[in-house]
Amino acid sequence: MDPRRNPFAPGAGTPPPELAGVDAVLERTAVALDRIRAGLAARPRILYGLRGVGKTVLLTAMRDAAEEKGMAVVAIEASENRSLPGILLPALRVAFLRLDRMKQETAGVARALKALAGFAKLKVKYDDLEVPLDFEPEPGLADSGDLDADLSDLIVTVGEAAQEQQSTVVLVIDELQYVPEEQLAALIGALHRAAQKRLPVTMLAAGLPQLIRQIGRAKPYAQRLFEFVTIGPLDEKAACDAVRLPIEREEETIEKDALDAIFAQTQGYPYFLQEWGKHSWDAAEGSPITVTDVEAAAVAALAELDASFFRVRFDRLTSAEMRYLRAMADRGAGPHSSRQVAETLGVTVSIVAPTRNSLIAKGMLYSPAGDDTAFTAPLFDAFMRRVVPG
């Protein structure tokens, strides 16, 4: 069929043509945001799940909904190579300058901008922190040099300014698992203090499954502070809707057996559904799309995944990490214990422990329980068997 009309366009964080199976999550988030704006309690929300389940897409939809409500959104993406203060300060500054332009300047906004200037004194600890030169700090406000105290002062001051402006500040943070635990603890403490004061500040965040343990280690009470929302593969109905409805909007059809084949091959993972939908459309000569078209599409879809979705992760590996992941792949999708992987490699657990820790830090693996590890990207075990000789 005509590729110009193909409704599927897989990409990192690219919204799918049909956001299926997430209505309940979006509605609960809308309720939480409305409660915070009204001065009522509502827990910040954290989405967690494997790569390719649509966390970033869902987080973007939540961000858009907050902006449509007129809330001040501070959106950042955590990085392995950047500090949280270094990423957060410029985004907060831009948000408050925008808020200042939208409404008449108030004492609260002016004080928040002074708090940002004081917070920049942390540059001695975080060399990627930009110093806002256009505002004078207020002595004693977010300028102690202690991240826990200063970030709490900053977030509380920001919340007070938003309250004065009858607005709400929403921190939107993707890839939260990359924030070091010391900085994560400071962020949790700051949000906790703002919640105790019933200030209109909240957070919507997303990260890999290991984030749950990281947050628990950073602040034990955080399990009660946040609402954790697991995001996984779609069930069969939602997965089929994600493929079928975009095709039907283009006034084309797909056979039920073809949909069943796509669901079986993708296991319902949203990103893979988009790849199979795209290549099934391109493989079909006309409507309806058949099982034969899907079989042809599977070859092209796997080649595309190998060259992009999987390859971008594979290329970050050292040779020792490749051997570790290949040993895991020999045992299937997992999870697998460190002992099992060590046995496959013919070494002791202590020998492979540093490699395991490095892979978790890179976001390639996570530990669901004990010393077990599993891949953060679905179907990565099959990819490793394809590209690395046994």
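Two strands count as paired if DSSP finds at least two bridges between them, a rule that applies to several of the views below of this predicted model.

**View 1. Strand E3 beside strand E4.** Strand E3, which covers residues 169–174, runs parallel to E4 and is joined to it by 5 bridges. One of the residue pairs to look for in this view is Ile173, whose bridge partner in E4 is Ala205.

**View 2. Strand E1 beside strand E4.** Strand E1, made up of residues 45–48, pairs with E4 in the parallel sense, and 4 bridges lie between the two strands. Here Tyr48 has Gly207 of E4 as its bridge partner.

**View 3. The two covered faces of strand E4.** In E4, 7 of the 7 residues are buried, so that the strand is mostly covered.

View 4. Thr202 lies in strand E4, which spans residues 201–207. Because buried means under 20% relative accessible area, Thr202, with a relative accessible area of 3%, is counted as buried. When neighbours within four places in sequence are left aside, the residues in contact with Thr202 are Leu33, Ile36, Pro44, Val169, Val170, Leu171 and Leu191. Ala300, by comparison, is 98 residues from Thr202 in sequence, and the C-alpha atoms of these two residues are 43 Å apart in space.

**View 5. The open sheet of strands E6, E8 and E7.** This open sheet has 3 strands in the order E6-E8-E7, and their pairing is antiparallel. Strand E6 (336–337) and strand E7 (365–366) stand at the edges with a single partner strand each, and therefore one side of each has no neighbour in the sheet. Strand E8, residues 372–375, pairs with E7 in the antiparallel sense over 2 bridges, and the bridge partner of Leu365 in E8 is Phe375.

**View 6. The whole chain, as a setting for the close-ups.** The chain holds 17 helices and 8 strands. Its radius of gyration is 23 Å, close to the 21 Å that the globule rule gives for 390 residues, so the chain is as compact as a globular protein of that length. The C-alpha trace spans about 70 × 60 × 35 Å along its principal axes, and 52% of the 390 residues count as buried. Of the contacts between residues at least 6 apart in sequence, 73% join residues at least 24 apart.

How values were computed. Residues numbered from 1 in each chain as written. Predicted model: local features only at pLDDT ≥ 70, side-chain atom pairs only at ≥ 80, totals over all residues. Heavy atoms only, no water. Rg over C-alpha atoms; globule rule 2.2 N^0.38 Å. Buried < 20%, exposed > 50% of the residue type's maximum accessible area, 1.4 Å probe, protein only. Contact = heavy atoms within 4.5 Å.
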